Amino acid sequence: MWLRGWANQTAASLWVAAVSMVLVFALGRILGPADFGEYNYLLTLASLVAILQDGGFKTLLQRESAHRSMDVEPLAILRYALGHVLLVSMAALALIAWLGDARRTSMACAVGAMALLAVANILSARWRGQGRYAEDALWQAGLRSITAMAILGCVVFWRPDSTGVFVGWACGIALALAAVRFAVPPRWRPPGVVYRTAAAFVLIDLATTVYFRIDIVLMEQWGVPAADIGRYAAAYRLFEGGVLLLAPAATVFFRELRLRWQNRDAARALLRRALVAVTALAAAGGLAVHWIAEPLLVLAYGEPYAAAAPLLSWLMLAFLFLAPNYVLTQAAVALGRERWYAAAVCAAAAVNVGLNFWLLPRFGVEGAAWASIATEAVLMLLLYRGVRSWL
């Protein structure tokens, strides 16, 4: 069953990665380096709001759907999750309207898109936890295809800017949710144990987003040229593409480890095999991308992005640490070590922010890439210590 699930998830992830990369390349060309940097800046801010919208319920629902460890039905968690998304989104929109920033229209559209995305991810988490990989794979591939077409339609025929991207994104997700007739009534005021457990996942997601995205925000605040931000974002998107390729195996690995978490010998053997496999794949892939970095960027985004090749090479070095971290983070959640995981990722976020404050003013966007390498290395050491007893 796990092999068939991995095949389904891999096929979907390859399709999602391919469509996402084509979409990013198209947006990079249509918007240009300056507007592409603006879009990524707003996306970073929206990603922080998205963490609060999710509230940790997605990870909690996936884990409890695989193997229950609390006295709350997974369906009840799903309904509490939807209620949470609705409340947080309304509060975020009210805050944006009150602040009255010049970017408020784009940010409001981004918050709306992230709310719908949170709902889509909740549905996906339920299916993954139940081992319904084929349904989830079809959902992920269909969702990405519909949203990509909607986004391109908006930026080509309506507004070639950030607002157009987020409006298209929201419309695409709404169409996909309508197609599957996902209409579960939300609930509020979940038991305290639900929020206490979910809080660790919120902290994890928040800290992870900080160390993945804070460099873009700091570049904007310190006056780094918009074109340089756009080139860095272009290289970083290719770096993130590697994470998408790891996702299928991680999804299946998480459930299999969760099912074995009370059998230490079986869990240890599975965890060791996964670490060896992803490390080998990351080394081979990183070396290949390093040699073709410049032609890859030119082919993907165009000649103006050729200068981002050194950044991509540096980020591939960070990928050598990120790949085993991906396995270790899944293991920490599956084995009930989410509090240690939360502490580790908070420490990594603090390291990333400190290094960006030090390196960005001196070395510019290359300093941000170096900070990413150091952050992933620190996180790997901390996560390894957290699950060491299982190895």
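## An antiparallel pair: α4 and α5

Helices α4 and α5 are roughly antiparallel to each other, because the angle between their axes is over 145 degrees. This is a predicted model, and in it the axes of α4 (residues 104-129) and α5 (residues 133-157) cross at roughly 155° and come within 8 Å. As for handedness, α4 passes α5 in a left-handed crossing.

Which residues bring the two helices together? On the α4 side they are A120, L123, S124, W127 and R128, and these meet Y133, E135, D136, W139, Q140 and L143 in α5. Sorted by class, this contact has six nonpolar, two polar and three charged residues.

The contact of α12 with α13 has 20 nonpolar residues, along with six polar and two charged ones.

## An oblique pair: α2 and α8

Two packed helices are described by the angle between their axes and the distance between the axes. For helix α2 (residues 57-66) and helix α8 (residues 226-260), those values are about 50° and 9 Å. This angle makes α2 oblique to α8, and α2 passes α8 in a right-handed crossing.

From α2, the contact draws on Q62, R63, E64 and A66, while α8 supplies F254, R255, R258 and L259. The class count here is three nonpolar, one polar and four charged residues.

## The two faces of α10

Now for a single helix. Which residues of α10 are buried? In this helix, which spans residues 293-301, they are A293, L297, A300 and Y301. Viewed down the axis of α10, these buried residues fall within an arc of 70°, so they line one face of the helix.

What sits on the face of α10 turned away from its buried side? That face carries the exposed residues P295 and L299. Just after α10 comes G302, which takes a positive phi of about 115°.

Methods: Residues are numbered from 1 along each chain as its sequence is written. This is a predicted model: local features need pLDDT of at least 70, side-chain atom pairs count only at pLDDT 80 or more; totals for chains, interfaces and linings use all residues. Side-chain values use heavy atoms; hydrogens and water are left out. Buried means under 20% relative accessible area, exposed over 50%, partly exposed in between (1.4 Å probe, protein chains only). Helices (H or I, at least four residues) and strands (E, at least two) are DSSP runs, numbered from the N terminus. The arc is that of the directions from the helix axis to the C-beta atoms. Axes are lines fitted to C-alpha atoms, for helices over the stretch in contact, and angles run from 0 to 180 degrees between N-to-C directions. Angles under 35 degrees count as roughly parallel, over 145 as roughly antiparallel, 65 to 115 as roughly perpendicular and the rest as oblique. A crossing is left-handed if the near helix is turned anticlockwise from the far one by less than a right angle, and right-handed if clockwise. Contact means heavy atoms within 4.5 Å. Ala, Val, Leu, Ile, Met, Phe, Trp, Tyr, Cys and Pro count as nonpolar, Asp, Glu, Lys and Arg as charged, and the others, Gly among them, as polar.
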